[in-house]
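Work through the exercises below with the sequence and the model side by side, trying each task before reading its solution.

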Amino acid sequence: MRAAVWYGKNDLRTEEREKPSLEDGEVLIKVKACGICGTDLMICNEKFPRSHPPLIPGHEFSGEIVEIKDVSSNLKVGDRVVANPLFFCGRCVACKMGFTNACPKLGLIGVDIDGAFAEYVKASRDKVYKIPSRFPFQNAALVEPVAVAYHAVRISGCKVGDFVVVLGAGPIGMLVAMIAKIAGASEVVLIEVAKYRLELTKKLGFSTIDASGGNVVEKIHEMTEGKGADLVFDTAAVSQTAAQFISLIRPQGKIIILGLYKQPEKVDLFNIVIKEGHILGSRVYTETDFEKAADLVTSGKIKMEPLITHHLTLEEANKGVRLLEQGKDVMKVVLFP
Ligand SMILES: [Zn+2]
Ligand SMILES: [Zn+2]
């Protein structure tokens, strides 16, 4: 089969590879669409220590079942599916408490083992969800990032009337904004520096603040009559957002961090006490979150089309990663193997 294989820093090559061979309980999926995500960029730039070359990246995928190695499965060849790429130990404290997303042994298809920048990928049959017959594969591939956003909004306790700030208007930031609206937020403001993303965000009907103009904290306090935001989601995870998020919340407001910080940052912990604020980390999603995300996407409650800016072939995988790196005029890149 054809696959884009990562060999080291900036070295992603599309080449011939052996098709994955199945073990009991697994299905072989012919990949129809696979999103490229910030994590894939980190892997390709050797900034994701868990991943080791040679590796086929790709964890946001959908496709069609072509082989099943388990007679008792309720799935059949030809089923159109999306797969939850996470795997966990099932035995540790986190897993036993139901927080499988915080398992210390958490792994991901396309991060820890070969993924879906390929013609075929295998998955465990209990991680596979059917999608409606005519539902577009490219939208289904993005159930994974929707699950990330859904989990963050769920643990934030977002409710009707909340004033929400989202730091970073990349795909995850946009999805958090959409899901916060569905949860009842009265206002969602996205903070971003990239002009293209600001434009797209506005087109989708959200308020935006161009962070390159400064004064983000002042503007949010103006918009909330001095109160501050109920919830702040940090999807950008850079020094500027760490320096800012505590000033953005109201007393007893919550900060939910979804982005992965690359280094320790200076945070104003004096003010977290003064405001009696909450800082929560949000890590991927549970299986229930993934199912919920699949429902949100396939029911059309979340519109994926405006987020997909680039449709590329497997041969163009490297180009797709570079597009994300340059970050210019790009939102979501999807590969069609
Ligand atoms: Zn991802
Ligand atoms: Zn575990």
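Buried means under 20% relative accessible area, exposed over 50%, and partly exposed in between (1.4 Å probe, protein chains only). The model is predicted, so local features need pLDDT of at least 70 and side-chain atom pairs count only at pLDDT 80 or more, while totals for chains, interfaces and linings use all residues. Residues are numbered from 1 along each chain as its sequence is written, chains are lettered from A and ligands numbered from 1 in the order in which they are written, and side-chain values use heavy atoms, with hydrogens and water left out.

**Exercise 1.** Find which residue forms a salt bridge with K195, and say whether K195 is buried or exposed.

*Solution.* A salt bridge needs a side-chain nitrogen of Lys or Arg within 4 Å of a carboxyl oxygen of Asp or Glu. The partner of K195 is D210, with the closest N and O atoms 3.1 Å apart. D210 lies in strand β12 (residues 207-210) and K195 in helix α6 (residues 195-203), so the pair ties together parts that are 15 residues apart in sequence; such helices (H or I, at least four residues) and strands (E, at least two) are DSSP runs, numbered from the N terminus. K195, at 54% relative accessible area, is exposed, whereas D210, at 25%, is partly exposed.
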